[in-house]
Amino acid sequence: MTGWDPRVGPPGWAQQQPYVPPQIPPHQRDRGLSPFGMPARHSWEIPLLVVVIVVTVLAYLVVILMAVLGHVNQYSLLLLFAPVLLWLGRGMNYSQQRLNAVRMSPTQFPEGYRLVVEAAGRFGMAKVPDAYVVLGNGQINAFASGHGFRRYVCVYSDLFEVGGAARDPDALAFIIGHEVGHIAAGHVSYWRQLGMFVVPFLPVLGNALIRSQEYTADNHGFCNRHLGAPGAMRTLAAGKYLNSLVHFDEMADRAPREKGFFIWVVNAMASHPVLTWRMWALRDRSRHGKLFLRPSVPPPARFAGPPPGYPPPGGQYGEVPPYRAP
């Protein structure tokens, strides 16, 4: 097994797409909920972050006072050692990827590597984050994190075909743009996460902050590759094999119609925007995604199709026609 080109792979392997330096597409207005076409933060993110940080600081002061008075329990110890625990956890997680995951590069998963470089360039980042492919075992997921001055994204392997070619390049570009967006927006900062350490103890307020960050990251993904939004959401809804059977607009249309007390509870307790609301927000780019109340009912909108000159979809990126009873 010597003498073979690592950009092609060993004999018998499917050939990967050769690495091509990305050309950053021009910005288009309004796609990122910004008048300049750049991704915007969700309108609730900073206010919620301030409230959570204030609550966290108050919790730290109460715990310190309890420790001075000699009243210490497991929860107070958890807060007292939060800076160390967070640092250790981030370091262990980063080392796990460095030791076991496949690092994207011009010779390994070059298409994914190119998309990471493209997203970092579009968001004006001074440094391209590391990117890893993690064994998915059927799970569809990706995440961003960091340790020290390093930032990285991890994409589960099920978002790739054998040999490194993307199943749906536009959907993959949206997902990678979403994760790189978390880094560009500062969501993985050590100090920010330390200030949000009490989020698990604030089920409604804390989850609302996390959802607002996900909407912000969606704005980045949309700005990076808006045509990938339907494919990414269809994959989250039905998986990597049945995603083509999901009609994006039909599912998004349910957002204002599904109502009730438990609908509100499920959304309020969710760490990510519920899919129907998330699809609605990705389709309606005139306002930020809803955090607490379901979307209103404006005239039905359709997701914007490919711009003039975009390569023909050939059935891969197009919408499935709505079901009609015989």
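**Entry 1: a loop to start with**

In which loop is the place of Asn137? I looked it up in this predicted model, and Asn137 sits in the loop between E2 and E3. Next I checked the backbone of Asn137 and found a phi near 50 degrees, a positive value in a residue other than glycine. Is Asn137 buried or exposed? Its relative accessibility is 64%, so Asn137 counts as exposed.

I then turned to Phe109, which also has a positive phi, about 50 degrees, although it is not a glycine. Phe109 belongs to the loop between strand E1 (102-103) and H4. With 18% relative accessibility, Phe109 counts as buried, because the cut-off for that is under 20%.

**Entry 2: stepping back**

I wanted the whole protein in view before going on. I noted eleven helices and four strands. Of the 326 residues, 47% are buried. I also looked at contacts between residues at least 6 apart in sequence: 72% of them join residues at least 24 apart.

**Entry 3: the nonpolar cores**

Which residues touch the most other members of the largest nonpolar core? I found Met104, Val155, Phe160, Leu172 and Phe174, out of 35 residues in that core. The elements giving two or more residues to it include helix H4 (110-122), strand E2 (130-134), strand E3 (142-147) and strand E4 (150-156). Also among them are H5, helix H8 (229-242), helix H9 (248-252) and helix H11 (275-283). H5 gives the most to this core, with eight residues. Apart from this core I came across another, of 14 residues, including Met196, Leu209, Ile210 and Ala255.

Setting aside neighbours within four places in sequence, I listed its contacts as Phe109, Gly112, Tyr113, Val116, Ala131, Tyr132, Val133, Val155 and Phe160.

**Entry 4: H5 and two of its partners**

How do H5 and H8 pack? Their axes are 7 Å apart, at an angle of about 85 degrees. H5 and H8 are therefore roughly perpendicular to each other. From H5 I noted Ala171, Phe174 and Ile175 in the contact, and from H8 Ala229, Gly231, Ala232 and Met233. By class, the contact of H5 with H8 has six nonpolar residues, one polar and no charged.

Then I looked at H5 (residues 169-184) against helix H7 (residues 205-224): about 125 degrees, with the axes 7 Å apart. That angle makes H5 oblique to H7. The crossing of H5 and H7 is right-handed. On the H5 side I listed Ala173, Phe174, Gly177, His178, Gly181, His182 and Ala184. They meet Gln213, Glu214, Ala217, Asp218, His220, Gly221, Phe222 and Asn224 in H7. The contact of H5 with H7 divides into five nonpolar, eight polar and two charged residues. Phe174 is in my list for H8 and in my list for H7.

**Entry 5: a buried asparagine**

Where is the place of Asn267? I found Asn267 in helix H10 (residues 261-268). At 2% relative accessibility, Asn267 counts as buried. What does Asn267 contact, leaving aside its neighbours within four places in sequence? I wrote down Arg211, Val274, Trp277, Leu291 and Phe292. Leu291 is 24 residues from Asn267 in sequence, and their C-alpha atoms are 8.0 Å apart in space.

Conventions:
Residues are numbered from 1 along each chain as its sequence is written. This is a predicted model: local features need pLDDT of at least 70, side-chain atom pairs count only at pLDDT 80 or more; totals for chains, interfaces and linings use all residues. Side-chain values use heavy atoms; hydrogens and water are left out. Axes are lines fitted to C-alpha atoms, for helices over the stretch in contact, and angles run from 0 to 180 degrees between N-to-C directions. Angles under 35 degrees count as roughly parallel, over 145 as roughly antiparallel, 65 to 115 as roughly perpendicular and the rest as oblique. A crossing is left-handed if the near helix is turned anticlockwise from the far one by less than a right angle, and right-handed if clockwise. Contact means heavy atoms within 4.5 Å. Ala, Val, Leu, Ile, Met, Phe, Trp, Tyr, Cys and Pro count as nonpolar, Asp, Glu, Lys and Arg as charged, and the others, Gly among them, as polar. A nonpolar core is a set of buried Ala, Val, Leu, Ile, Met, Phe, Trp, Tyr and Cys residues joined through side-chain atoms within 4.5 Å. Buried means under 20% relative accessible area, exposed over 50%, partly exposed in between (1.4 Å probe, protein chains only).
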